[in-house]
Amino acid sequence: MLVVCDSSVRNHDPRVELHRGQVQPAYENSDRVDAIMAALEADETFELRPPDEFPLEVLERVHGLGYIEFLRNVYAEWQSLGVEGHIVPHVWPSREMNAEVPDSLFGKLGYYSFDAATTISAHTWDAVWASTRCAMTAASLAWERRVTNFALCRPPGHHAERSRYGGYSFLNTAALAVEEFLSLGAKRVAVLDVDYHHGNGTQSIFYERADVLTISIHADPKVAYPYFAGYEHERGGGAGEGANLNFALPDGTDWSSYEPVVGLAIAKISQFQPDALVVPFGADTFDGDPISTFRLKTADYPKLAGHISQLRVPTTVTMEGGYHIESLGDNVRAFLSRFA
Ligand code: OKP
Ligand code: ZN
């Protein structure tokens with residue numbers, strides 16, 4: 001299987017994360033990529049290649065221009081303030097406020113984000129731009145060769161909205177893969193998000209679209225991040241009514257309760273008859289994941305992939321979460337091996 005990857009995704013360095021009232025080492029760190037790379041490099045069935053070049057404007061298929069410019073410039077602006085410490089927003093517009101983009105960097109940080117657990121560092125832009133190029137290159141090659149392949153994206157992307165970052169995500173790699181498929185001639189594209197967390201960004205980007213079916217299987221947002229999206233009553237709006245589907249599962253979900261839901265999602269995708277598929281994959285559904293509560297085992301990932309591969313359409317898997325470093329390489333390889 002082809003793996004599109006770029007070492008510069010290692011250079012996004014959040015260092016710290018605000019977690020349960022403590023500033024602690026970030027769960028989402030570059031050890032994750034190293035673990036996945038080591039596992040795939042050791043297996044000769046995977047062929048690694050770098051991403052292609054793309055013009056920056058491709059990002060406007062998904063993201064707002066003001067947001068793109070903000071992300072490109074935020075670190076330089078931060079440095080010019082002469083401030084110490086990590087770039088973390090501390091104020092957001094409430095629902096009562098009619099927000100406009102403020103001039104102050106601290107105001108802009110709140111305007112363009114939705115949580116305080118997602119920090120920006122010197123090379124965040126280079127990393128997230130490389131990560132999106134991995135996703136778009138993979139989609140383009142999956143389309144051309146009519147195969148399933150893997151974009152080793154980092155950090156995650158599926159929480160990123162059109163103009164807001166959060167949930168460790170800045171640019172929505174899965175959404176950009178969808179748009180790449182559409183630009184190459186796909187008429188309908190499906191997204192099956194199997195990260196532990198709801199893919200709120202991808203949902204919101206395509207919410208009113210009838211040509212993109214978004215399905216996410218995740219922990220119930222009543223008790224799990226992102227809390228404010230991922231409910232089952234969210235079914236798409238306008239022309240996209242019915243083209244978004246959420247499966248919200250309880251703490252402790254294991255393969256025996258996860259698998260039937262995968263079956264429902266696959267049936268729905270089959271009916272939709274997509275020309276291509278994007279699978280934002282998180283290994284944070286794993287039993288040992290430090291920030292999650294599902295109970296999937298390493299041996300369950302090939303079974304999950306087996307269901308998905310029945311769809312038989314050009315498919316790009318984008319890497320999302322997964323924070324149990326010791327098992328991450330094995331889990332990703334186990335999942336991908338069933339497609340290879
Ligand atoms: C990203 B992906 C506070 C908890 C914040 C954010 C979870 C983002 C998960 N430290 N949790 O979907 O794996
Ligand atoms: Zn996740």
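Student: Is aspartate 289 buried or exposed?
Tutor: Keep in mind that we're looking at a predicted model. Aspartate 289 comes out with a relative accessible area of 5%. The cut-off for that label is under 20%, so aspartate 289 is buried.

Student: Which backbone nitrogen does the side chain of aspartate 289 reach?
Tutor: Start with where you are: aspartate 289 sits in the loop between strand E9 (276–281) and helix H8 (300–309). Leaving out residues up to four places away in sequence, aspartate 289 touches Ala283, Asp284, Gly322, Tyr323 and His324. The side chain also makes a 3.0 Å approach to a backbone nitrogen, that of isoleucine 291.

Student: Which residues point one way from strand E5, and which the other way?
Tutor: Side chains in a regular strand alternate between the two faces of the sheet. Strand E5 covers residues 148–151, and all of them are buried. Thr148 and Phe150 point one way, while the other way you'll find Asn149 and Ala151.

Student: How far from cysteine 153 is the nearest cysteine sulfur?
Tutor: Searching the whole structure turns up 0 disulfides. Cysteine 5 is in none, and its nearest cysteine sulfur, on cysteine 134, is 6.5 Å off. Cysteine 153 is buried, at 1% relative accessible area. A disulfide needs sulfurs within 2.5 Å, so cysteine 153 isn't in one: the nearest sulfur, again that of cysteine 134, is at 5.9 Å.

Student: What volume does the largest cavity have?
Tutor: There are 2 cavities of 30 Å³ or more. Residues lining the largest one include Val191, His198, Thr214 and Asn246. Strand E6 (189–193), helix H6 (200–205), strand E7 (212–219) and strand E8 (244–249) each give two or more residues to that lining. The volume of the largest cavity is about 50 Å³.

Student: Which residues lining the largest pocket are closest to its centre?
Tutor: That pocket has a volume of about 1,100 Å³. Its lining takes in 40 residues, with strand E2 (16–19) and H6 each supplying at least two. Closest to the centre are Asp115, Ala224, Tyr225, Pro226 and Tyr227.

Student: What is omega for the cis peptide bond joining tyrosine 225 and proline 226?
Tutor: Most peptide bonds are trans. The bond from arginine 154 to proline 155 is cis, with omega near -10°, and proline 155 lies in the loop between E5 and helix H5 (173–183). Proline 226 belongs to the loop between E7 and E8. For the cis bond from tyrosine 225 to proline 226, omega is about 10°.

Student: What is the positive phi of tyrosine 227?
Tutor: Most residues other than glycine have a negative phi. Arginine 15, in the loop between E1 and E2, goes positive at about 60°. Tyrosine 227 is in the loop between E7 and E8 and is partly exposed, at 42% relative accessibility. Tyrosine 227 isn't a glycine either, yet its phi is about 65°.

Conventions: Residues numbered from 1 in each chain as written. Chains lettered and ligands numbered in written order. Predicted model: local features only at pLDDT ≥ 70, side-chain atom pairs only at ≥ 80, totals over all residues. Heavy atoms only, no water. Helix = DSSP H or I, 4+ residues; strand = E, 2+ residues; numbered from the N terminus. Buried < 20%, exposed > 50% of the residue type's maximum accessible area, 1.4 Å probe, protein only. Contact = heavy atoms within 4.5 Å. Polar contact = N/O pair within 3.5 Å; in protein donor to acceptor, adjacent residues only side chain to side chain. 1 Å grid on protein atoms, 1.4 Å probe; cavity = no way out; pocket = protein on both sides within 12 Å on 5 of 7 lines; lining within 4 Å. Points joined across faces, edges and corners; volume = space filled by probe spheres on them.
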